[in-house]
Amino acid sequence: MLSRRSSLALAALAGLTGLQDLYLHENQISDITALSGLTGLQNLYLSVNQISDITALATNNGLGAGDSVRLFNNPLDTTPGSQNILDIQALQARGVNVSY
């Protein structure tokens with residue numbers, strides 16, 4: 001668990017492809033690009049950060065049926081047709097439970 005830290009460099013996690021649970025809430029994270037390769041993720045908690053682009057999650061082919069992603073309290077553009085909504089819909093179409 002890496003929650004409630006003032007800052008965190010996610011690049012250090014990039015090679016941990018077997019990681020299943022990752023709790024990163026309340027970390028002031030804005031860039032989640034490094035999470036795109038963590039194909040073993042099943043539970044990902046990213047609430048209360050500064051994330052505005054979730055493309056890395058949509059391109060993570062390891063996220064699928066039964067997996068869970070929490071994105072509450074991030075500055076996501078959730079207007080209909082926005083890239084974030086399209087990414088959320090793509091994840092949900094693969095069976096990912098996305099809360100935002």
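Good morning. By contact I shall mean heavy atoms within 4.5 Å. The model under discussion is a predicted one.

I begin with helix 2, which spans residues 83-93 and has as its buried residues Asn 84, Ile 85, Asp 87, Ile 88 and Leu 91. Viewed down the axis of helix 2, these buried residues fall within an arc of 160 degrees, so they line one face of the helix. After helix 2 comes Gly 95, with a positive phi near 95 degrees.

Next, the core. The largest nonpolar core comprises 24 residues, and Ile 32, Leu 35, Leu 46 and Leu 57 have the most contacts inside it. Helix 1 and helix 2 are the elements that give two or more residues to this core; helix 2 gives the most, with three. Leaving aside residues up to four places away in sequence, Leu 35 touches Leu 10, Leu 22, Leu 44, Leu 46, Leu 57 and Asn 60.

Finally, the aromatic rings. How many aromatic pairs are there? The count comes to one. The ring centres of Tyr 23 and Tyr 45 are 4.6 Å apart with planes at 10 degrees, so the pair is stacked. Tyr 23 belongs to strand 1 (residues 21-23) and Tyr 45 to strand 2 (residues 43-45), so the pair ties together parts 22 residues apart in sequence. Tyr 23 counts as partly exposed, at 28% relative accessibility, and Tyr 45 also counts as partly exposed, at 25%. Thank you.

Conventions
Residues are numbered from 1 along each chain as its sequence is written. This is a predicted model: local features need pLDDT of at least 70, side-chain atom pairs count only at pLDDT 80 or more; totals for chains, interfaces and linings use all residues. Side-chain values use heavy atoms; hydrogens and water are left out. Buried means under 20% relative accessible area, exposed over 50%, partly exposed in between (1.4 Å probe, protein chains only). Helices (H or I, at least four residues) and strands (E, at least two) are DSSP runs, numbered from the N terminus. The arc is that of the directions from the helix axis to the C-beta atoms. A nonpolar core is a set of buried Ala, Val, Leu, Ile, Met, Phe, Trp, Tyr and Cys residues joined through side-chain atoms within 4.5 Å. Rings of Phe, Tyr and Trp (its six-membered ring) pair if their centres lie within 6.5 Å; planes under 30 degrees apart count as stacked, over 60 as edge-to-face and the rest as tilted.
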